[in-house]
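Hi,

Here is the structure I promised to pass on to you. Have a look at it first, and then read on for what turned up.

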Amino acid sequence: MSEFESSAPAIVYGENGLVPAIIQDDAQGDVLMLAWMDEEAVRRTLTTGRVTFWSRSRQEYWRKGDTSGHRQYVKSVAMDCDGDTLLVRVTQLGAACHTGTRSCFTDRAIDAVVGDPSLDAPEPTDA
């Protein structure tokens with residue numbers, strides 16, 4: 001039994017047959033993008049060393065970098081505790097985003113109140 005066959009059945013695909021894949025730079029830890037994989041895209045990713053996705057808009061497989069040259073090489077793949085999300089750590093060559101930025105999240109911040117965990121600290125009790 002291949003490594004793919006022993007790990008792939010535990011992946012939980014959504015009703016659309018897809019699982020979200022978070023792509024993270026292995027060296028720097030930056031989240032680069034999120035895309036979707038079906039079972040075949042997962043198989044290709046696990047067995048080729050290059051990341052393959054399923055394009056929901058084009059209804060076809062695409063391997064990152066085949067047209068842009070901005071390739072992603074697999075360093076590791078993990079699933080979350082529910083098995084319904086993948087984390088793919090990669091060596092990224094060039095931009096990860098189709099807009100030409102390193103990450104799909106570059107310069108796209110949304111204003112939000114910043115939380116302060118010290119505000120949730122328990123009250124000291126008298127011993």
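The protein chain contains 2 helices and 6 strands. Please keep in mind that this is a predicted model. Going along the sequence, the elements of the protein chain come in the order α-β-β-α-β-β-β-β. The radius of gyration is 18 Å, well over the 14 Å that the globule rule gives for 127 residues, so the protein chain is more spread out than a compact globule. Its C-alpha trace spans about 60 × 40 × 30 Å along the principal axes.

Next, the inside and the surface. Of the 127 residues in the protein chain, 29% are buried. Among contacts with a separation of 6 or more, 42% are between residues 24 or more positions apart. The protein chain has an accessible surface of about 8,400 Å², and carbon and sulfur atoms account for 52% of that.

As for charge, you will find 12 positive and 20 negative side chains in the protein chain, with the centres of the two sets 15 Å apart.

Most residues other than glycine have a negative phi. Gln 59, though not a glycine, has a positive phi of about 55°; this residue sits in the loop between β3 (52-55) and β4 (60-63). Asp 107 is also not a glycine and has a positive phi, near 60°. Asp 107 is found in the segment after β6 (86-92), and it counts as exposed because its relative accessibility is 77%, where exposed means over 50%.

Best wishes

Definitions and conventions
Residues are numbered from 1 along each chain as its sequence is written. This is a predicted model: local features need pLDDT of at least 70, side-chain atom pairs count only at pLDDT 80 or more; totals for chains, interfaces and linings use all residues. Side-chain values use heavy atoms; hydrogens and water are left out. Helices (H or I, at least four residues) and strands (E, at least two) are DSSP runs, numbered from the N terminus. The radius of gyration is taken over C-alpha atoms; the globule rule is 2.2 Å times the number of residues to the power 0.38. Buried means under 20% relative accessible area, exposed over 50%, partly exposed in between (1.4 Å probe, protein chains only). Contact means heavy atoms within 4.5 Å. Accessible areas come from the Shrake-Rupley method with a 1.4 Å probe; for residues, only the protein chains shown count as cover. Lys and Arg count as positive and Asp and Glu as negative; His and the chain ends are not counted. The place of a charge is taken as NZ of Lys, CZ of Arg, CG of Asp or CD of Glu.
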